[in-house]
Amino acid sequence: MSTPARRRLMRDFKRLQQDPPAGVSAAPTENNIMIWNAVIFGPHDTPFEDGTFKLTLEFTEEYPNKPPTVKFVSKMFHPNVYADGGICLDILQNRWSPTYDVAAILTSIQSLLDEPNPNSPANSLAAQLYQENRREYEKRVAAIVEQSWLNFQDEDEGEEMKKDT
C-alpha cells in the first residue's frame with residue numbers, strides 16, 4: 001500500500017542516496033519503510049569528532065506533516081539528549097515543517113552536537129558541565145566517542161560471525 005507518507009519517504013531515501021550530506025547516512029530498515037536506521041559522524045573540530053553515533057527514526061502515516069520520533073541508540077552525553085536517547089530539538093517539536101526531509105533532520109542533529117542549547121536541557125548534568133566546566137564536559141564526551149567505536153566493532157564482528165555460519 002502506497003500512502004503519501006511512504007511515497008515521501010521513498011523520495012527522501014532516493015535524495016539521500018543521490019546527494020548524501022556530509023557526515024550522515026540513513027536507510028529504511030529491511031522490511032519497514034516507516035522505521036529507519038541512521039548514523040551521524042561527529043563533526044570535525046568538535047569534542048564529538050571521530051564519533052560514530054547510531055539513531056533510529058520512526059515515522060507515522062502523518063509524515064511529512066508530523067515529525068518522526070528520533071532517538072540515539074548509541075550512548076550520548078549531551079545537554080539536549082535525554083537518558084533514553086530522545087532528542088530535544090525545536091525542529092522535531094514546535095518548529096517542525098513538512099519541508100524538512102531526513103537529510104535536514106540528521107544534519108540539524110549533527111550541528112546540535114557542537115551547538116547545544118543548555119537553556120533547554122534534556123540532560124541537566126551535561127548542560128551544567130557544558131556551562132561551568134567545559135573540560136569535564138569534553139572528557140565525558142570523549143568517553144562516549146570512544147564507546148561509539150567499540151559498539152561499532154562489536155556489531156561488525158557479530159555480522160562477520162553470522163556470515164561464517
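Visitor: Which side chains meet in a salt bridge at 3.4 Å, N to O?
Guide: Those of Lys71 and Asp84. A salt bridge here is a side-chain nitrogen of Lys or Arg within 4 Å of a carboxyl oxygen of Asp or Glu. Note that this is a predicted model, where local features need pLDDT of at least 70, side-chain atom pairs count only at pLDDT 80 or more, and totals for chains, interfaces and linings use all residues. Residues are numbered from 1 along each chain as its sequence is written, and side-chain values use heavy atoms, with hydrogens and water left out.

Visitor: Where do Lys71 and Asp84 lie?
Guide: Lys71 is in strand 4 and Asp84 in the loop between strand 4 and helix 2, so the pair ties together parts 13 residues apart in sequence. Helices (H or I, at least four residues) and strands (E, at least two) are DSSP runs, numbered from the N terminus.

Visitor: Is Lys71 buried, partly exposed or exposed?
Guide: Partly exposed, with a relative accessible area of 32%. Buried means under 20%, exposed over 50%, and partly exposed in between, using a 1.4 Å probe and protein chains only.

Visitor: What is the bridge partner of Thr56 in strand 4?
Guide: Lys71 again. Strand 3 and strand 4 pair antiparallel over four bridges; two strands count as paired if DSSP finds at least two bridges between them.

Visitor: What order do the strands take in the sheet?
Guide: The order is 1-2-3-4, in an open sheet of four strands with antiparallel pairing. Strand 1 and strand 4 (69-72) are the edges, each pairing on one side only.

Visitor: How many residues sit between strand 1 and strand 2 in their hairpin?
Guide: Two. Six bridges join strand 1 (residues 24-29) to strand 2 (residues 32-41), and Pro28 has Trp36 as its bridge partner in strand 2.

Visitor: Back to salt bridges. How many are there by this rule?
Guide: Eight. One of them joins Glu61 and Arg6, at 2.9 Å, N to O. Glu61 lies in the loop between strand 3 and strand 4 and Arg6 in helix 1, so that pair ties together parts 55 residues apart in sequence.

Visitor: Which residue does Arg15 meet in a salt bridge?
Guide: Asp101, at 2.8 Å, N to O. Arg15 is partly exposed at 40% relative accessibility, whereas Asp101 counts as buried at 10%.

Visitor: Which residues do salt bridges with shared partners join into one network?
Guide: Glu136, Lys139 and Arg140.
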